[in-house]
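Please find below a short note on the structure under discussion. It is set out as numbered points for a reader who is new to the subject.

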Amino acid sequence: MSVSARVLVVEDDVANQQSLSALLTQMGHVPTVAGRGDDALRLLDTEAELDVIISDVVMPGMSGIDFARRARIMRPGMPIVLVTGNSEAIESVLASGALALLKPFSPETLRQVL
């Protein structure tokens with residue numbers, strides 16, 4: 001992925017939203033934030049130009065895995081990275097068609113994934 005990717009960040013924790021958005025901005029990417037899976041799906045249903053999605057797995061209302069499955073239908077071929085602190089969730093993440101990123105991760109690891 002080249003510099004200046006348009007990244008949809010789906011994260012319900014405001015502190016995590018802010019830190020990930022700041023990190024992405026430092027890397028030269030352009031983040032757009034949604035606080036919940038349903039908000040992100042509404043955004044995906046628009047003409048918003050996005051290159052990749054990074055979503056937390058554990059969120060209220062809709063898990064990141066459910067979100068990824070629905071997002072894949074709406075935006076086929078869009079890369080999706082699911083972030084989790086639970087190593088046991090990685091198999092479910094991969095089964096959803098997403099890449100798994102285990103917390104905590106370094107900026108370099110994020111750079112490599114993108």
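The points below pass from the overall fold to individual residues.

1. The model is a predicted one. The protein contains five helices and five strands. Read from the N terminus, these elements follow the order β-α-β-α-β-α-β-α-β-α. The radius of gyration is 13 Å, close to the 13 Å that the globule rule gives for 114 residues, so the protein is as compact as a globular protein of that length.

2. Dimensions and surface. The C-alpha trace spans about 35 × 30 × 25 Å along its principal axes. Of the 114 residues, 40% count as buried.

3. Contacts across the sequence. Consider the contacts between residues at least 6 apart in sequence: 62% of them join residues at least 24 apart.

4. Charged side chains. The protein carries 9 positive and 14 negative side chains. The centres of these two sets lie 3 Å apart.

5. Ile 54. This residue belongs to strand E3, which covers residues 52-56. Is Ile 54 buried or exposed? Its relative accessibility is 2%, and because buried means under 20%, Ile 54 counts as buried. Apart from neighbours within four places in sequence, Ile 54 is in contact with Val 7, Leu 8, Val 9, Val 10, Leu 20, Leu 24, Val 81, Val 83, Leu 110 and Leu 114. As for distances, Ile 54 and Pro 79 are 25 residues apart in sequence, and their C-alpha atoms are 8.6 Å apart in space.

6. Ile 65. Helix H3, residues 64-74, is the place of Ile 65. Ile 65 has a relative accessibility of 11% and therefore counts as buried. When neighbours within four places in sequence are left aside, the contacts of Ile 65 are Val 57, Leu 82, Ser 92, Val 93 and Ser 96. Ile 65 and Glu 108 are 43 residues apart in sequence, and the C-alpha to C-alpha distance is 24 Å.

7. His 29. The loop between helix H1 (14-26) and strand E2 (30-34) holds His 29. Although His 29 is in a loop, it counts as buried, with a relative accessibility of 9%. Which backbone atom does the side chain of His 29 reach? The side chain reaches the backbone nitrogen of Ala 5, at 3.1 Å.

8. Asn 86. This residue is found in the loop between strand E4 (80-84) and helix H4 (90-95). At 39% relative accessibility, Asn 86 counts as partly exposed, because that class lies between the 20% and 50% limits. Asn 86 and Leu 101 are 15 residues apart in sequence and 10 Å apart in space, taken from C-alpha to C-alpha.

9. A cis peptide bond. Which residues does the cis peptide bond join? The bond joins Lys 103 and Pro 104, and its omega is about -10°. Pro 104 lies in the loop between strand E5 (99-102) and helix H5 (107-113).

10. Ile 54, in strand E3, and Ile 65, in helix H3, may then be located in the displayed structure.

Definitions and conventions: Residues are numbered from 1 along each chain as its sequence is written. This is a predicted model: local features need pLDDT of at least 70, side-chain atom pairs count only at pLDDT 80 or more; totals for chains, interfaces and linings use all residues. Side-chain values use heavy atoms; hydrogens and water are left out. Helices (H or I, at least four residues) and strands (E, at least two) are DSSP runs, numbered from the N terminus. The radius of gyration is taken over C-alpha atoms; the globule rule is 2.2 Å times the number of residues to the power 0.38. Buried means under 20% relative accessible area, exposed over 50%, partly exposed in between (1.4 Å probe, protein chains only). Contact means heavy atoms within 4.5 Å. Lys and Arg count as positive and Asp and Glu as negative; His and the chain ends are not counted. The place of a charge is taken as NZ of Lys, CZ of Arg, CG of Asp or CD of Glu. A polar contact is a pair of N or O atoms within 3.5 Å; within protein, one must be able to donate a hydrogen and the other to accept it, and residues adjacent in sequence count only if both atoms are side-chain atoms.
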